[in-house]
Amino acid sequence: GESRRRRLRRRDETGVFPGAIAAAAATAAAPPHAGVATLELEALLASAGGHVPVAADGEKSASFSFGSGAVVEVDLAGLSLDGDDDADAVDALAAFAREDVTAADAAAALAPFARGEGRRRSKSKSKSAKGGAGKNSPANDAGSPPPMPPAVLSAALDACVRNRLWGPLRELVDAGLVTSSTAAPGMVRALLDADRLEDVEAFVSSAADVSAEDLRLCLDAILATPETCAFAASPASLAASRERRVAAAESAVAAAEALAKRESEKGEKTPRELRAAARDARVAAAAVESFDAKAMPWAFALHAVISRPIDPIAAADTLPSLSAEAAAKLASFASAWLQAYADLAASCDVSGVSAPVGVPSLPTLVGWTSALIDAHFTSFAVEGSMGGPDGDEGGEGDAAAAAAAARCAARSYS
């Protein structure tokens, strides 16, 4: 029979991870089998703190509550729980729904999905069905972990932020599971509040989509001062960001040298790969050498943020709210990068859209520079110095000059 349409309604009282469990219903495509899943469904709802009212027509719905205050009501008609993988999800949801979750609790709940330690693969995954994977498919290998259900991921993110479990949260980011700001609303602000700049850089460098709000938060934290921003990055975090960029540059240079040595000693002909490696090494080195650590200590943390292409809508939501001082800093950063790319152009092709991870490419820089000038043309033209109209900190750099240099460089590449 045709699957019944599921209705999802969510209500969030705190603004932290709304709909932590709503995705559970979206993962189910088949109608329930007769005599299957009733007890498991009730166990799932009971363990997650849900209520299971049974309507006259037999449909079940549930209300899930989590420690963050998020409440989700789900019509679970069509949701079938069949197989022991679902038991792992039940256990994980129960663990993350508790008010106090420890790092050990999070690790144990996520282990079946990270290392393939589930009780056993679900029956539906071991059968060769029409359009499905065969019996010997790698996806059905007994040693491979089951995919993490969206509900488990959302609940895990919610619990990690609520309980400040930065280690497990970073593991989820590094695993590529946190693909967008939508998947983890509130995460970036929580990390910035905790001065976890490294984790923020990892997220913005790997996520498929970062919201304009999260970009603005990152810019505020990096470019503002503790006097003007409650979650401004500490000097220690900014210094650590520079150290990570130095390590990345050294690694890129070593990789290029190793490739050149292999080609020289073993006669391996990889001119394309060698050129790409050499270019990446030069760009990675420029990310360190083109920025004065004393005059621009914040520049190294900006690399990851500005490495993300910005579209007109995101630019309109992100850049106009920057203070004149922050905008001037960003203009100086863009100008330094564009000059670095101009210098690199003499020895390698820098016109491509690719760049080392966490480093802005030339086209991306041109996009940010143009958007910044459009958003702050008046402040660049009138205020003149990074310190504002009074010029209190004019010695740090001239905002108008930085903007003019950035504009000139951007035009030469456009």
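Predicted model: local features only at pLDDT ≥ 70, side-chain atom pairs only at ≥ 80, totals over all residues.
Me: Which residue does E243 form a salt bridge with?
Reply: E243 pairs with R242, and the closest N and O atoms of the two are 3.8 Å apart. R242 is also partly exposed, since its relative accessible area is 26%.

Me: How many salt bridges does a search of the whole structure find?
Reply: The search finds 13 salt bridges. One of the pairs is R162 with D158, where the closest N and O atoms are 3.2 Å apart.

Me: Where do R162 and D158 lie?
Reply: Both residues belong to helix α6, which spans residues 150–162, and they are 4 residues apart, or about one turn of the helix.

Me: And is D158 buried or exposed?
Reply: D158 is buried, with a relative accessible area of 0%, whereas R162, at 22% relative accessibility, counts as partly exposed.

Me: What about R170, which residue is its salt bridge with?
Reply: R170 forms a salt bridge with E198, with the closest N and O atoms 3.8 Å apart. R170 sits in helix α7 (residues 166–174) and E198 in helix α9 (residues 197–206), so this pair ties together parts that are 28 residues apart in sequence. As for accessibility, E198 is partly exposed at 39%.

Me: Which residues are linked with R170 and E198 in a network of salt bridges?
Reply: The network links R170 and E198 with D174, R196, D199, E201 and R244.

Me: Switching topic, at what angle do α10 and α13 pack?
Reply: Helix α10 (residues 212–223) and helix α13 (residues 299–306) pack at an angle of about 170 degrees, and their axes are 10 Å apart. Because angles over 145 degrees count as roughly antiparallel, α10 is roughly antiparallel to α13.

Me: Which residues make that contact?
Reply: On the α10 side they are L215, C218, L219, I222 and L223, and on the α13 side they are A301, L302, V305 and I306.

Me: How many of those are nonpolar, polar or charged?
Reply: By class, the contact of α10 with α13 has 9 nonpolar residues, with no polar and no charged ones.

Technical notes. Residues numbered from 1 in each chain as written. Heavy atoms only, no water. Axes fitted to C-alpha atoms, helices over the stretch in contact; angles between N-to-C directions. Helix = DSSP H or I, 4+ residues; strand = E, 2+ residues; numbered from the N terminus. Parallel < 35°, antiparallel > 145°, perpendicular 65-115°, else oblique. Contact = heavy atoms within 4.5 Å. Nonpolar A, V, L, I, M, F, W, Y, C, P; charged D, E, K, R; others polar. Salt bridge = Lys/Arg side-chain N within 4 Å of Asp/Glu carboxyl O. Buried < 20%, exposed > 50% of the residue type's maximum accessible area, 1.4 Å probe, protein only.
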